[in-house]
Amino acid sequence: MTQHQPPHDPPHIPGPERPKERPLTGLSARALVLTVMFVLLAEAVLFMPSMARWLEQELNDRLSDGHLAIRTLEVVPDAMPTGALTDELLAHVDADLVAFRAPGEPKLALFRDPSLRADSSIDLRKTNIIQLSIFAWRLMLDHRPDAIVRVVGNSPVDPMAEIELLLGQRRICANLRSYARRIALLSLFIGLVTGFLLYLTLRWLIVRPVVRLTQAVQDFAEHPEVAHVPLAGTKRLDEIGTAFRQLDAMQSTVRAALTQNRRLASLGTGVAKISHDLRNLLTTSLLITERMQTSKDERIVKAAPRLAESIERAATLTHTIVQHAREGLPPLTVEPVVLKPFFGGVIDRVRQRWGPEGKTVSLIEDYQAKTANLDPLQVERVLHNLLDNAFEAGASKVDLQANASDQGLTIIISDNGAGIPDAAVAHLFDAFKGSTKRGGTGLGLHNAAEIIHAHKGSIALKATGQDGGMPTTFRIDLPQ
């Protein structure tokens, strides 16, 4: 006994991801991180010069204090360098040695231990900002507790006086590191505040509207018959508002095109369904018309050809519409085509058709390139359509000019017919709109444009022939 297996459910195909805001991983969060990084990078560039300026100011203050201490010795000339006053003055300067030199004055010095030696030295008179930055960096990284720094510079009080100090490095390093920490924390705070403000701004001005715009696009893709554009976005005056308005216009255009396509599809389906019955009716009508021609009534005999012509036109029109609705543009078969025999064959077939009616067609050739890549049957169909239209519009002479080069093929067709009315120019290449002939469908030029566009080329009306100056002229460009 065979056990019945239950049918398997079809696999679930997930749809496109719905747009949503991502506060922690979206564009705003990335902008926050980047802003903080950029602010810290800018602060890092300014950090070393800032440290150098702070160290320069600190050392100049020490030089000023040292000068005041030396001037105290001048006021109290009996003070001894090893006395209590010397220790108090050195403690005020926080130095182990203060030396003073000035033009025309004796050298004065305050010191505790004459055997002290400096571990590093800096001369503020000859040091630039880069050297100060390097010196400040070295001091901040130096962890020797008993290191001595020798500082030489002009006194801020008297630029002519030279002051030399021996300073303990510990206090300078501690103050320098404290200043560096404050600068780093301030930079981080500025970066975070700036980044957070930018984060909120981006979310409000860009991210949320972009999410709404993406949502509108996806909703329209799912239900194109309904408009999906937030009205608030279309009122903005910036680039996002322009995007909303363009999306609104695009949706209106697409909906109109879809409505027209549905009407055309319904038309094609309806015509296809009745085409068989209509052809039977037309065939019966033609048989009746043939019998009418054998009638003894002259009026019936005269009316029969006109009736037969109308029936033939109706049959041709029905066949053309059905073929357009069912088949559309056939696939291209592009191949290298030798141009001279190709255009020669086109012209010969046109002359065979229209020559007996007194119509003439000329061919002007300029082939720098002997071949071109195209679908010969489809391009010949386009040329026949344009040439037949010209002759049917009353032209007695048509000129076809073909120019080929390495860049591509250019075809110009001009005729001396009555021209194309200005009212027909706007929809010249639109199906069922661009016909310039009475009873025409406009499918000929529409199909011609589709064939040329499928070749990645262009077709355009260059002159309508209405101004009396230039003849009616079409130009076709096919890239190589």
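Does Tyr179 count as buried or exposed, and at what relative accessibility? At 16% relative accessibility, Tyr179 counts as buried. Here buried means under 20% relative accessible area, exposed means over 50%, and partly exposed lies in between, with a 1.4 Å probe and protein chains only.

The structure is a predicted model, in which local features need pLDDT of at least 70, side-chain atom pairs count only at pLDDT 80 or more, and totals for chains, interfaces and linings use all residues. Residues are numbered from 1 along each chain as its sequence is written, and side-chain values use heavy atoms, with hydrogens and water left out.

**The chain as a whole**

The protein chain contains eleven helices and twelve strands. These are DSSP runs numbered from the N terminus: helices are H or I with at least four residues, strands are E with at least two. Of its 480 residues, 36% are counted as buried. A contact means heavy atoms within 4.5 Å. Taking contacts between residues at least 6 apart in sequence, 69% join residues at least 24 apart.

**Aromatic pairs**

Rings of Phe, Tyr and Trp (its six-membered ring) pair if their centres lie within 6.5 Å; planes under 30 degrees apart count as stacked, over 60 as edge-to-face and the rest as tilted. By this rule there are four aromatic pairs. Among them is the stacked pair of Trp54 and Tyr179, at 5.7 Å centre to centre with 20° between the planes. This pair links distant parts of the chain, since Trp54 is in helix α1 (residues 27–75) and Tyr179 in helix α4 (residues 169–222), 125 residues apart. Trp54 is buried as well, with a relative accessible area of 17%.

Phe343 and Tyr367 also form a stacked pair, with 6.2 Å between centres and 25° between the planes. Phe343 lies in helix α8 (residues 339–354) and Tyr367 in strand β7 (residues 360–367), 24 residues apart. Ring pairs join Phe342, Phe343 and Tyr367 into a cluster.

| Residue | Relative accessible area |
|---|---|
| Trp54 | 17% |
| Tyr179 | 16% |
| Phe343 | 1% |
| Tyr367 | 14% |

**A loop residue**

Lys456 sits in the loop between α11 (443–454) and β11 (458–463). Its phi is near 65°, a positive value in a residue other than glycine. Lys456 counts as exposed, at 70% relative accessibility.
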